[in-house]
Structure formats: structure tokens, C-alpha cells
Amino acid sequence: MEIAWRNDVDKVLEDAKAQGKPALLDFSAAPM
Amino acid sequence: MVTENFLPARLHVKNQKADFNRFSDRYGAQWTPTTLFLDPGGVERHRIEGFLPADDFLAQLGLGLGQLAFHGGRHADAERHFRVVLERHPASESAAEAQYWAGVSRYKATGDATALAETARAFEERYQTSSWAKKASVWKRP
């Protein structure tokens, strides 16, 4: 299953706090 | 497994250069790929550095879920996550670490020190040469 990665990390962290859910933050250099 | 348990975010070194640099500085991520497991408050609880094949990556996801639960004080949940890693990925490099933390989690959940002695005994049967076996060796009972 494709992962819907987001790149608005500030908002992801806000959402994680609001939802009480962990975040997975991936730093990548893979070709896109 | 990712979407049901996490809010996933990815920063590319070239495509999101400013944010990549800002967050890699914040979390001390010095290499790619690096994957951080952040609790809801943004505190890092686990990380993966370097590429992993799918099975090993899934095992690390399980370890990360266990560490998030452990540091959140949900020790029974943590043990469950660590035991899932042991059951589903017994040949992965994460398995010995999962065995160690499963024992610690059970002890933290129950206060029963036999959980630690049982873990030390388990390391006599599996993952004997791992660094986690050495760490657990202090729990052996005569």
C-alpha cells in the first residue's frame, strides 16, 4: 500500500499533537 | 502499518531543502535515509538510519511502536509490540532487541522481576551472541 507522505512537517507535528498520534519523519535523498 | 499508526512526513534533501535542513538540525539527522519515530509531542523515541530491506524495515517499525508505547508508560502495549516483532521477524536484526525490551516492558507492567530472569534465560536459547544477550545477562539467577 502506498504511503501518503506529507511534507508540511510543521503541520504534521501540530496534527500529531492534536490527535495524540505519533509521527514518522523520513529524511530522504532518493530519486523522485 | 504506517498509515494506521503514524502521521507520515517526508523531507527530500533537494526538493524541500530549507525544511530538510531545519528539521535535520533540530533532530540531529546527519544521513539519509533516516526515519524518526516522534511521539505526539514531537519527541524522538526511535530512529532508523540507513536503508533496510522491507522485512527489516517492518521489524523496525514494530520496535518503534514498542518504544513509543514504552516511553508513553503503556508498558503492556509495548510488550505486545515487541513480541509481535519477535513472532513475525525472528530472523531480523531487530529480534534480539525486541526480546530484551519485551522482558523490560513486562517487568515495568507487572513489577515482577521474574520477567527479567525469564528474559535472560530466553537469551540462552536465541540470539546468544547479540549485544542484547550481554545486557540481559545481568538478570540471570543462579
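Residues are numbered from 1 along each chain as its sequence is written, and chains are lettered from A in the order in which they are written. In this predicted model, local features need pLDDT of at least 70 and side-chain atom pairs count only at pLDDT 80 or more, while totals for chains, interfaces and linings use all residues.

**View 1. Chain B has seven helices and three strands.** Helices (H or I, at least four residues) and strands (E, at least two) are DSSP runs, numbered from the N terminus. From the N terminus on, the order in chain B is α-β-α-β-β-α-α-α-α-α. The C-alpha atoms of chain B fill a box of roughly 55 × 30 × 25 Å along the principal axes. Of its 142 residues, 37% are buried. Buried means that 20 or more other C-beta atoms, placed from the backbone, lie within 10 Å of the residue's own. Among contacts in chain B with a separation of 6 or more, 39% come from residues 24 or more positions apart. Two residues are in contact if their C-beta atoms, placed from the backbone, lie within 7 Å.

**View 2. Chain A holds one helix and one strand.** Its C-alpha atoms fill a box of roughly 30 × 20 × 10 Å, again along the principal axes. Chain A has 32 residues, and 28% of them are buried.

**View 3. Chain A meets chain B.** Here 22 residues of chain A are in contact with 30 residues of chain B. On the chain A side, helix H1 (9-19) and strand E1 (23-28) each give two or more residues. That side divides into 14 nonpolar, three polar and five charged residues. Nonpolar covers Ala, Val, Leu, Ile, Met, Phe, Trp, Tyr, Cys and Pro; charged covers Asp, Glu, Lys and Arg; the others, Gly among them, are polar.

**View 4. Four strands from both chains form an open sheet.** The order is E1(B)-E1(A)-E2(B)-E3(B), with mixed pairing. Strands pair if DSSP finds at least two bridges between them. E1 and E3 (44-49) of chain B are the edge strands, and each pairs on one side only. The twist averages 15° from one strand to the next. E1(A) and E1(B) (residues 7-12) run parallel, joined by six bridges. Leu25(A) stands opposite Ala9(B) in E1(B).

**View 5. Helices of chain B pack against the strands.** Helix H2 (residues 17-27) of chain B packs on the sheet. H2 touches E1 of chain A, and also E1, E2 (34-38) and E3 of chain B. The direction of H2 makes about 115° with that of E1(B). Helix H3 (residues 54-71) of chain B lies across E2 and E3 of chain B, at about 165° to E3(B). Axes are lines fitted to C-alpha atoms, for helices over the stretch in contact, and angles run from 0 to 180 degrees between N-to-C directions.

**View 6. Helices H4 (residues 75-88) and H5 (residues 94-110) of chain B cross at roughly 155°.** Their axes come within 8 Å. H4(B) is therefore roughly antiparallel to H5(B), a term for angles over 145 degrees. Residues making the contact include Phe82(B) and Leu86(B) of H4(B), and Trp101(B) and Ala102(B) of H5(B). The contact divides into 10 nonpolar, four polar and four charged residues.

Definitions and conventions: Angles under 35 degrees count as roughly parallel, over 145 as roughly antiparallel, 65 to 115 as roughly perpendicular and the rest as oblique. A residue is buried if 20 or more other C-beta atoms lie within 10 Å of its own, exposed if 12 or fewer, and partly exposed in between; C-beta atoms are placed from the backbone.
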